[in-house]
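Dear colleague,

I am passing on the structure below, and I would be glad if you kept it open while you read the notes that follow.

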Amino acid sequence: MSEQKRVFLVDAYALIFRGYYAFIKNPRINSKGVDTSAIMGFMNSLLDVIKRERPDHLAVCFDKGGSADRVELFEAYKANRDATPEAIKTAIPYIMDILKAMHIPIMVKEGFEADDVIGTLSKQAEKEGFTTFMVTPDKDFAQLVSENIFMYRPVFGGGYETWGIPEIQKKFEVEDPLQVIDFLGMMGDASDNIPGLPGVGEKTAKKFLAQYGSLENLLAHTHELKGKMKEKIEANKELGILSKKLATIMLDVPVTFNAKDFELSAPDIPKVTEIFQELEFRRLIDNFVKTFTVETTESGAATAVPESKKTASASDLAGAGQFNLFGTASTSAEALPNTFSRQTIATTSHFYQSVAPGMATDLFIKNVMAQTCVCFDTETTGLNPLTATLVGIAFSWEVGKGFYLPVPANQEAAQAVVELIRPFFEAEHIEKVGQNLKYDIKVLDKYAIKVQGKLFDTMLAHYLINPDMRHNMDVLAETYLNYTPVSITELIGKKGKNQLSMRDVPLEAQTEYAVEDADITLQLKQHFETELGSANIEHLFNDIEIPLLRVLAAMELEGINLDADFLTSLSADLDTDIKILEAKIYDVAGETFNIASPKQLGIVLFENLKLVDKPKKTKTGQYATSEDILSYLAKDHEIIQDILDYRGLSKLKSTYIDALPTQIEPTTGRVHTDYMQTVAATGRLSSNNPNLQNIPIRTERGRQVRKAFIPRNADYILLAADYSQIELRIIAALSKEETMITAFKNGEDIHASTAAQVFNVPLSDVTREQRSNAKTVNFGIIYGVSAFGLSNQTNLSRSEAKELIETYYETYPKLKTYMSAQVDFARDNGYVQTVLGRRRYLKDINSRNGVVRGGAERNAVNAPIQGSAADIIKIAMIAIYNALEVGNYKSKMLLQVHDELVFDIYKPELEAMKMLIKTEMEQAFTLEVPLDVDLDTGINWLEAH
DNA sequence: GTTGTGACCTA
DNA sequence: GTAGGTCACAACG
């Protein structure tokens, strides 16, 4: 590496274009419909340069308004650039914002191109003793190369090559890089619309340069040329001169290279993360964070903590004479000079101790019991709380300090240690802080510990503060504390066959890792507490999400009984039918192929069988074979329905019928889903491993799966309780739309009622089709209508759909007012909220891009509706759970499916339960519209629904 | 082995 | 048009 100072000047548009075209076959479109290819491509390149080269000086140069001088010279100059793709235009403001957040200087000069700005700056920097690297793939820049100025060219397929004088001499076959101008003047440059000399290409230009040295000299000696070439060049001498001018990069742009301004400093990571989040650049966030942190972590880790300080033994404590667990923290490492550095365990003063058995543990327990607020974190042998066992528990109640209580592997010994700490967990007076407490609570439940007292879960807090972000602790620490915690993979390795268990990690490392987590979580709590207050969502946090966490933990631990034998027999039936369909399809197709491969299927249908003249393609260029497209073709070709059936049955078999029995937990014999409380942006729960919120119901075949969900035993019965039309009731109440409110109050069929109103017929005369269309519009309203979407969902044309929506709004004028009011609120405040004040931030609500803005507007309407429904059922769940606990009932709440709760009811409690559940659900929240809950019971979930 | 895509399941 | 999750395939490392 050169000892000289190095400055990197980035040619923004060149890299943006390059990035955009790199993705051209497979453009990156995010969920809001924004083409982010150009931004992604550019950021990848920029981060790559920073990662590889660690420049100390860097700037990004843009064009502005094109080059007036060059356009004056030649009308057609860079006409190509006028056809800038829309995706690149929209990318520019984002890239500008990102660069600002990264504290990278942006160089633009009205009326000049980036080439000229870079050229001028390079020469100035050279005078100041800098080595300059021009980051661009554009060969025009070769003319600027000198002993201190290099081209830094991205290479397709990854990597970079540096072009200095020798490389230029070789590539262009010139002596002096300045001759590159002559070279370009002769051969022209199609991408820049530099015409060049007619008939002169790369080969000829090189020959001329070798012979004449310059364009001018060539033109002065045209008499030496022969034939057609001579005629052409003599007739176009002026064009040659002009081309050379166009190709000449200006070195006198009124910009100044000020080294200080170009120094690369630490980026505003939260800000950048926020923008990346908005663009949905998940992996780029990681890459970005790594790029700006990686350097420092290796340097200090090994020397961070003197070994002698890591474990406090009883004798240490006794030696201290009195109760003093802390001693003096003397483990601070020097802050590292690197400007990118984020704090780590190696750079931060900390005092983490493991607690030895015996007297030290006794002293520790006494101390922890004297606290009022303690953060804890359990370390276990795995991620599944049902099978994992405790390895240790970390505690922290003061920033930078904490203790680690190891738990032995032997079950009896483990329980003995747990008994010592039981008073802490069961102490009402100690507030417990943690990250994802649901997990810790589930683990501790296996040791018969019920965690009592006030809870503060940092993951839940952050979910309410910023539901669109991710909430894992490492990200939170990096974002809010500018701190990179020890990575779990550093301890136990990447997942796979060689991954260690936490129990295999040396105690010192366990301590450092575990107590750090507790310490960080405690610090995050202090941060989030104030944010919850300023967003006015403490009520939602303390009275909904936190109590719900205990409810979900209980439901997950409970699990649900599954009739695996029944599914096995279904599987066999299904297998037969799938094989029959398969044979039929192969027969019609005249060949065997993989029907499950959309790629192969597309080729068979549209190339071999030629079912359609102009088949639709997906964004990746494959034939689209989605259900809605194939359905259109079903009546014309018998093979289509068979394919659809095949796919439906395969999905049913693989996802449900075959997968569910494998998810039975051997220790309990039941299926335990995991409810995610911090995933859905609207406030809903989600369910996985397995997902019990998408068990089939719509088709007869699929519905059979529900028969496999059965009560605990013959003394029990399943009960399903679902809210009837809760989202429509909410929108009716919030909008105060009297007609709709009245219909609900009268207990009418709301879709029929809507149809009667919209089509202006008596309720009794509403046809099936009218009701069906009204139902579609009703749902459309909840989702944020568009005529396009509506016509896709019905047999109505676009204009009929538009008319129906207009009539709908005339019928329910207040609904329309309400929806506009939501959008206006979002515009003014940047967020919308539910009945309980749960917020969803809508950054795009004022976007200039209509597609993006439209998406945000639909969210503005939908989020409060969907979110309020989620709020209400959460209230009901907490109330019911508490009532079941207080009443000491045997009946249990098992599942939540957005507007439905499923219970295992102890038969003698059935009547009491029906009353309790219906009442709590209907009274959970008072609206101007009554809430209505339907109850059903059965010996399986299908019967109960 | 991981990752993205297309397909399909739910409220 | 909203909000989720899981599967098989295919392409990448």
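In this predicted model, an N or O atom in the side chain of Asn694 lies 2.8 Å from a base oxygen of DNA strand B.

Taken as a whole, the surroundings of DNA strand B comprise 26 residues, with Thr620, Thr625, Asn694, Ile697 and Asp899 as the closest. By class, eight of the residues on this surface are nonpolar, nine are polar and nine are charged, and helix α28 (residues 638-657) gives the most to it, with four residues. Which parts of DNA strand B supply its atoms within 4 Å of the protein? Sugar or phosphate accounts for 80% of them, and bases for the rest.

Please look next at the open sheet of four strands, whose order is β25-β26-β22-β27 and whose pairing is antiparallel. Four bridges join β25 to β26 (residues 900-906), and Gln896 stands opposite Leu901 in β26. Helix α38 (residues 850-886) packs on the sheet, where it touches β22 (716-723), β25 and β26, while helix α39 (residues 910-922) lies across β22, β26 and β27 and runs at about 150° to β27.

With best wishes

Notes
Residues are numbered from 1 along each chain as its sequence is written. Chains are lettered from A and ligands numbered from 1 in the order in which they are written. This is a predicted model: local features need pLDDT of at least 70, side-chain atom pairs count only at pLDDT 80 or more; totals for chains, interfaces and linings use all residues. Side-chain values use heavy atoms; hydrogens and water are left out. A residue is near a molecule or strand if one of its heavy atoms lies within 4 Å of it. A polar contact is a pair of N or O atoms within 3.5 Å; within protein, one must be able to donate a hydrogen and the other to accept it, and residues adjacent in sequence count only if both atoms are side-chain atoms. Helices (H or I, at least four residues) and strands (E, at least two) are DSSP runs, numbered from the N terminus. Ala, Val, Leu, Ile, Met, Phe, Trp, Tyr, Cys and Pro count as nonpolar, Asp, Glu, Lys and Arg as charged, and the others, Gly among them, as polar. Two strands pair if DSSP finds at least two bridges between them. Contact means heavy atoms within 4.5 Å. Axes are lines fitted to C-alpha atoms, for helices over the stretch in contact, and angles run from 0 to 180 degrees between N-to-C directions.
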